Amino acid sequence: SDPGLRTLYRYDTSTGALETLTKVSDIPNAIDLAYYQVSDDGSSVYFGSQATLTPDAVTPGLGRIYVWRGGTVKLVAELPVEGALQFWWASDNGRYFAFAAASNLTGYDATNPACVNTRIGELGYCRQIYRFDAEADVLTCASCPVDGRKPTASAYIGETFADVGTHAFVRAVNDDGHVCFGSAEQLVERDTNAAADVYEFD
């Protein structure tokens with residue numbers, strides 16, 4: 001790799017082969033880097049960087065979520081750096097990536113003064129759950145009210161680090177793209193109170 005530039009590698013434990021996938025910084029000695037999740041078969045790697053790695057990463061000053069999949073790097077989303085990305089999960093097959101972010105990523109206006117200073121990095125937005133489809137190259141809001149009304153609460157998904165350590169947990173998004181999340185938002189007609197509920201988005 002280029003001296004001083006951070007590079008993403010993949011190591012195959014079955015063959016012992018080490019492969020260079022892509023650079024993850026475009027400034028020498030940059031530290032603006034995060035590793036999110038790898039698919040079970042190693043075919044997809046989700047990571048974060050402020051570097052411009054794709055032609056559509058064009059907004060200055062934002063952090064970026066990328067996926068390396070099948071030899072190609074794709075942009076998942078651009079979002080503010082300060083606490084915007086909270087929790088995330090990739091599906092076992094790597095096609096889907098679900099994450100919680102306090103940003104307007106799909107055109108839905110999630111601003112609400114009630115979602116300021118709640119210590120989860122909401123930055124004036126009610127946090128929403130997004131799903132990226134790496135095959136269709138489509139980002140969808142899973143928790144946004146379909147009628148477009150303003151949000152009243154933030155949504156959440158399972159803990160970020162639940163697939164490492166001594167315990168095994170089911171991922172919050174499966175190979176079919178179904179996303180499980182929680183929210184006090186009334187997203188279906190039969191939800192008639194303001195209590196937190198668990199939803200499935202497909």
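**Reading the model feature by feature**

Tutor: Let us begin with one feature: Arg69, Arg95, Asp133 and Glu135 are joined in a network of salt bridges. A salt bridge is counted when a side-chain nitrogen of Lys or Arg lies within 4 Å of a carboxyl oxygen of Asp or Glu. The model is predicted, so local features need pLDDT of at least 70 and side-chain atom pairs count only at pLDDT 80 or more, while totals for chains, interfaces and linings use all residues. Residues are numbered from 1 along each chain as its sequence is written, and side-chain values use heavy atoms, with hydrogens and water left out.

Student: How many salt bridges does a search of the whole structure find?

Tutor: The general idea is that side chains of opposite charge can pair when their charged atoms come close. In this structure the search finds ten salt bridges. One of them joins arginine 64 to glutamate 78, at 2.8 Å from N to O. This pair links distant parts of the chain, with arginine 64 in strand β5 (residues 63-69) and glutamate 78 in strand β6 (residues 72-79), 14 residues apart. Strands here are DSSP runs of E of at least two residues, helices are runs of H or I of at least four residues, and both are numbered from the N terminus.

Student: Are arginine 64 and glutamate 78 buried or exposed?

Tutor: Buried means under 20% relative accessible area, exposed means over 50%, and partly exposed lies in between (1.4 Å probe, protein chains only). Both arginine 64 and glutamate 78 are buried. Another salt bridge joins glutamate 19 to arginine 10, whose closest N and O atoms are 2.7 Å apart. Glutamate 19 is partly exposed, at 34% relative accessible area, and arginine 10 is also partly exposed, at 27%.

Student: In which parts of the chain do arginine 171 and aspartate 92 lie?

Tutor: The side chains of arginine 171 and aspartate 92 meet in a salt bridge of 3.1 Å, N to O. Arginine 171 lies in the loop between β11 (155-156) and β12, and aspartate 92 in the loop between β7 (85-90) and β8 (96-101), so the pair ties together parts that are 79 residues apart in sequence. Arginine 171 is buried at 16% relative accessibility, whereas aspartate 92 is partly exposed at 33%.

Student: How many aromatic pairs are counted?

Tutor: Rings of Phe, Tyr and Trp (its six-membered ring) pair if their centres lie within 6.5 Å; planes under 30 degrees apart count as stacked, over 60 as edge-to-face and the rest as tilted. By this rule there are seven aromatic pairs. In one of them, phenylalanine 181 and tyrosine 199 have ring centres 5.7 Å apart and planes at 25°, so the pair is stacked. Phenylalanine 181 lies in strand β12 (residues 179-183) and tyrosine 199 in strand β13 (residues 197-201), so this pair ties together parts 18 residues apart in sequence. Phenylalanine 181 is buried at 3% relative accessibility, and tyrosine 199 is buried at 10%. Elsewhere, ring pairs link Tyr36, Tyr46, Trp88, Phe97, Phe99 and Tyr130 into a cluster.

Student: In what order do the three strands of the open sheet lie?

Tutor: Strands of a sheet pair through backbone hydrogen bonds, either parallel or antiparallel. Two strands count as paired if DSSP finds at least two bridges between them. Here the order is β11-β12-β13, and the pairing is antiparallel. The edge strands are β11 and β13, each of which pairs on one side only. Between β12 and β13 there are five bridges, and valine 179 stands opposite phenylalanine 201 in β13.

Student: Which residues does threonine 22 touch?

Tutor: Contact means heavy atoms within 4.5 Å. Leaving aside residues up to four places away in sequence, threonine 22 touches Thr7, Leu8, Phe47, Trp68 and Val73. Threonine 22 belongs to strand β2 (residues 17-23) and is buried, with a relative accessible area of 13%.

Student: What does the secondary structure of the chain come to?

Tutor: The chain has zero helices and 13 strands. Buried residues make up 45% of its 202 residues. Of the contacts with a separation of 6 or more, 50% are between residues 24 or more positions apart.
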